Amino acid sequence: MADIIENLRKNGFAVTEFDTAAQAADYLAGRVHGKTVGMGGSITLQQLGLYDKLKEAGETVYWHQVTPGDGTLDAAATAQAYICSANAISQEGYILNIDGRGNRVSATLSRKETVYFVVGENKLSGPFPEALERARNVAGPRNAQRLHKNTPCAAKGDRCYDCASPDRICNALVVLWRPISGCGSMEVVLVHEELGY
Ligand code: SF4
């Protein structure tokens, strides 16, 4: 794990570490106070209880997982800060995300003041091919099941079938080798727990 953290920092990503999801949620609430916040679809963020925490604090936060619709997605896309998870982080310190609609990956590329990637230890992978394998064969099928998609991976729950289903959720892969130029900062908030898929 230490080498991944070191490589993330060498690549230009900030890294903060927390023992628990609750600590990470407290930290993020402090960091985004007073800013508009967009959130990407994520079981990890759900487990943090972050949306409720921010709303209770009076923050302006947009999350389609609570309020579905294009208006929420558009507002999240233009928020000052964006918070999502990652499907995997490779040993080289690259951040991988696969997306279907593109709202999540495009928001991470859109030169926000800050983008936070909240990840549990279970998202830390080996070299890039292993991280890609994880993103495709672990995160993809489990997310397809969560979203009740009509795909072979959701039905069987074992691996990606590189399907041609209309319900396919894997249409784009974004690998961040380094922070996007013009983005204020990109930060990995690493939680030493198992979170999300
Ligand atoms: S490409 Fe299709 S089969 Fe593979 S993980 Fe995505 S939805 Fe499932």
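The lining of the second largest cavity has five nonpolar, two polar and no charged residues. Keep in mind that this is a predicted model.

To see that lining, select Met39, His64, Leu73, Ala76, Ala77, Tyr82 and Asn103. The space that these residues line, the second largest cavity, has a volume of about 40 Å³. Next, colour helix H5, residues 70–77. Helix H5 gives the most to the lining here, with three residues.

How many cavities of 30 Å³ or more are there? The count comes to two, and the remaining stop is the largest cavity, with about 100 Å³ of space.

Select Cys153, Cys160, Cys163, Arg168 and Cys170 and centre the view on them. Among the 14 residues that line the largest cavity, these five lie nearest its centre.

Now show the helices around the largest cavity. Two elements give two or more residues to its lining: helix H7 (128–146) and helix H8 (152–156). Which of the elements gives the most to this lining? H7 does, with four residues.

Go back to the second largest cavity with the colouring still on: its lining has no charged residues.

Note on methods: Residues are numbered from 1 along each chain as its sequence is written. This is a predicted model: local features need pLDDT of at least 70, side-chain atom pairs count only at pLDDT 80 or more; totals for chains, interfaces and linings use all residues. Side-chain values use heavy atoms; hydrogens and water are left out. On a 1 Å grid over the protein atoms alone, a cavity is a set of points where a 1.4 Å probe fits but cannot get out, and a pocket is an open set with protein on both sides within 12 Å along at least five of seven lines; lining residues have an atom within 4 Å of a point. Grid points are joined across faces, edges and corners, and a volume is the space filled by probe spheres set on the points. Ala, Val, Leu, Ile, Met, Phe, Trp, Tyr, Cys and Pro count as nonpolar, Asp, Glu, Lys and Arg as charged, and the others, Gly among them, as polar.
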